[in-house]
Amino acid sequence: MKSRWRNEEAEAMVTRYAQQGVGRDLALRVYTSRLLGQDPLLVLHGGGNTSVKSSAKDLAGDEVEVLCVKGSGWDLGDIEPAGLPAVRLKPLLKLRLRDKLSDEDMVRYQRANLLDPGAPNPSVETLLHAFLPQKYVDHTHSTAVLSIADQPDAAALCAEIYGRRLGIVPYIMPGFALAKKAAEVYEADPSVEGLVLVKHGIFTFGVDARESYERMIAAVTRAEERLAKDRKRIFAATALPASIAPLHAVAPILRGACSEPDAKIEGAWRRLVLDFRSSPEILAYVNGAELERYAQQGVVTPDHTIRTKNVPLILPAPDAYDLGAFRTATRAAAQSFIAAYHAYFRRNNAGRDPQKRELDPLPRVALVPGLGLFGLGRSKKDAAIAADIAENTVLTIADAEAIGRFEALAEAELFEMEYWSLEQAKLGSVAEKPLAGQIAAITGGAGAIGAACAALLKANGAEIALLDLDEGKAREIARRLGGGAIGFACDVTDGASVRQAFEKIAAHFGGLDILVSNAGAAWQGRIGEVDEAILRQSFELNFFGHQRVAQEAVKIMLAQGTGGCLLFNVSKQAINPGPAFGPYGLPKAATLFLSRQYALDYGKDGIRSNAVNADRIRSGLLTPEMIAARAGARGLSEQDYMAGNLLSREVTAEDVAQAFLHQALALKTTADVTTVDGGNIAASLR
Ligand SMILES: [Zn+2]
């Protein structure tokens, strides 16, 4: 591993932060923290922590000795000075005299000694940083160091690699006891440059930011050099089917098997979103004949547990010619994973006071021979975090197996970590949104109604795929929505284009739960005279377009087996024809019945089908020019024309989106038509 320290960059950061009143000590602490945090082989997703001992003025103006240490909720990769809250150092050091200290008391005491009472909680490893006397202390979960530290003979191996340069600390869960033990190991030989924490990670320290950082890089490099020596062949491959099923076919089966019916609300599911990874390293790992042995032991460092659970779900290889067998085996594997999780919880919770509350038992990582690995999460973001950690785990275990044997922590230690109240707090306690874990596709996604639906479903927690003829615009809207929304081209009049679009959604998110079939365009002509070609063109888009996307959506929903929701944008024309508007109204009327047919045919599969019957919305269908012309023809102002309904209120794309959202949430509603037109008696349903 190469040092990324650059004098010019370090000094530039000192100068920049000086303008904000931040001193040199803290500015350089920010600089090297970011160097560490930006390398996934050192630190992932909020893991690791750093500190500097310095001085600061408290609110009374007195100069006090402080420890600036990473605050919870911050990521080293993009940390700011505010992410390293200052804690009074002397009171922290006094705690060394205690024999015991509960985690809760430790957190309270640390908070009570913050210079800024509004600062985030100092890291749970604060006392370890405080008890080491060096000015700068760096801590990472380096992949290479873990490949060494996760061996049955880790201590002997470390002694061989590091001699007396690093002290070795046996595994103890983070907190007061570990801080004391680490300090004792250090004090036994204060010439050490750092400490290896068995089955956890590595600390280095130094008189300045550069020394501490460079010692980390040097220690990691020595681990890498050892891992390159005397390697044995790893992961002898198991036999695979001749043809492996594609990702888009596998993902919905996995996703469905890893969903749980909501015990409180009939028809509701707790679903997860998927994030897929593959590479030669991942394939060698998941295709290994001994996968069950090396992959099922536990995490490579304890704080991964809250993101990935202790072990992954292992599936059989998906045979492209026998997806039925893969589905059956996947369901059985998921069920036994869930049963094993319940048993693990009961075993480790027995006799505890107070009793712990069980977390959801669903897997967060799935390994699929022949294909790769999946991260699973309640959002795409969480799924990607789990996948990042799983990828890293593959590298760590591969190297560990190449020079010896990977050995994880004992189950009881893993349980302590998974159910540690301080770790649980890292996950936050924000209430979940009603569509969390659900995936929505919206056709005509770049139009006014499509974009409004996307924004509203997203605000309610759904993952969003925008499909539109105009790929550039779909992408642009997805980019503006942010939060992982994707946009791409789809021509709903072309079967191949529709199939590809839905395969992309299944591959990217793992499946689909909500379809808003919204793409459409208007054709006019008096029905007795209109060219048949025009009528057919309109049917192609305004009827068959809906049928094609609904068919592809249902295919995915059936593979998942967790129901779903089809939502069709039908027009007022479907109920109440306008003069010379037959070419538009006729296919829309057919689409209204299409919605009912889906409700009838797939109700038993939990798939609901509903329609919104909207009128007079400013959009690509009703342009400013058309509004001006129609208002003029009726002798009305544009405003009066747009509000020409019983309530005299203009109906907006957002109003239509609200109706779709309601239908997506109403679990007991199917074959419904919701009217959003401000009131029009002639178009009201009987
Ligand atoms: Zn750690």
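What spacing do the donors of the zinc ion follow along the chain?

A: The donors of the zinc ion follow the spacing H-x1-H-x58-H along the chain. This is a predicted model, in which local features need pLDDT of at least 70, side-chain atom pairs count only at pLDDT 80 or more, and totals for chains, interfaces and linings use all residues. Residues are numbered from 1 along each chain as its sequence is written, and side-chain values use heavy atoms, with hydrogens and water left out.

The protein donors are H139, H141 and H200, each through NE2, and they lie 2.1 to 2.3 Å from the zinc ion. Donors are N, O and S atoms within 2.8 Å of the metal (3.2 Å for Na, K and Ca); water is not among the atoms, so sites may look incomplete. H141 is in the loop between β4 (136-140) and α6 (143-149), whereas H200 is in the loop between β6 (194-197) and β7 (201-206). The pair, 59 residues apart, thus links distant parts of the chain.

β4, β6 and β7 belong to an open sheet of seven strands, with the order β3-β2-β1-β4-β7-β6-β5 and mixed pairing. Helices (H or I, at least four residues) and strands (E, at least two) are DSSP runs, numbered from the N terminus, and two strands pair if DSSP finds at least two bridges between them. β3 (86-88) and β5 (166-169) stand at the edges with a single partner strand each, so one side of each has no neighbour in the sheet. From one strand to the next, the twist averages 25°; axes are lines fitted to C-alpha atoms, for helices over the stretch in contact, and angles run from 0 to 180 degrees between N-to-C directions.

Strand β1 (residues 49-57) runs antiparallel to β4 and is joined to it by four bridges, with Y136 of β4 as the bridge partner of V52. Seven bridges join β1 to the antiparallel strand β2 (residues 63-69), where V69 is the bridge partner of S51. β1 and β2 form a hairpin with five residues between them, and G61 in the turn has a positive phi of about 90°. β2 is joined in turn to β3 by three bridges, again in an antiparallel arrangement, and V66 stands opposite R88 in β3. Helix α9 (residues 209-227) lies across β4, β5 and β7, running at about 145° to β7; contact means heavy atoms within 4.5 Å.

Elsewhere, helix α10 (residues 247-257) packs against helix α20 (residues 495-509) at an angle of about 55°, with their axes 8 Å apart. The two helices are therefore oblique to each other, where angles under 35 degrees count as roughly parallel, over 145 as roughly antiparallel, 65 to 115 as roughly perpendicular and the rest as oblique. The contact is made by L247, H248, A251, P252 and R255 of α10 together with E503, A506, A507 and F509 of α20.

A second open sheet of seven strands has parallel pairing and the order β16-β15-β14-β17-β18-β19-β20. β16 (486-489) and β20 (672-676) stand at its edges, each with a single partner strand, so one side of each is left without a neighbour in the sheet. Within this sheet, eight bridges join the parallel strands β18 (residues 564-571) and β19 (residues 607-614), and C565 stands opposite R608 in β19. Helix α21 (residues 532-560) lies across β14 (439-443), β17 (514-517), β18 and β19, running at about 170° to β18.
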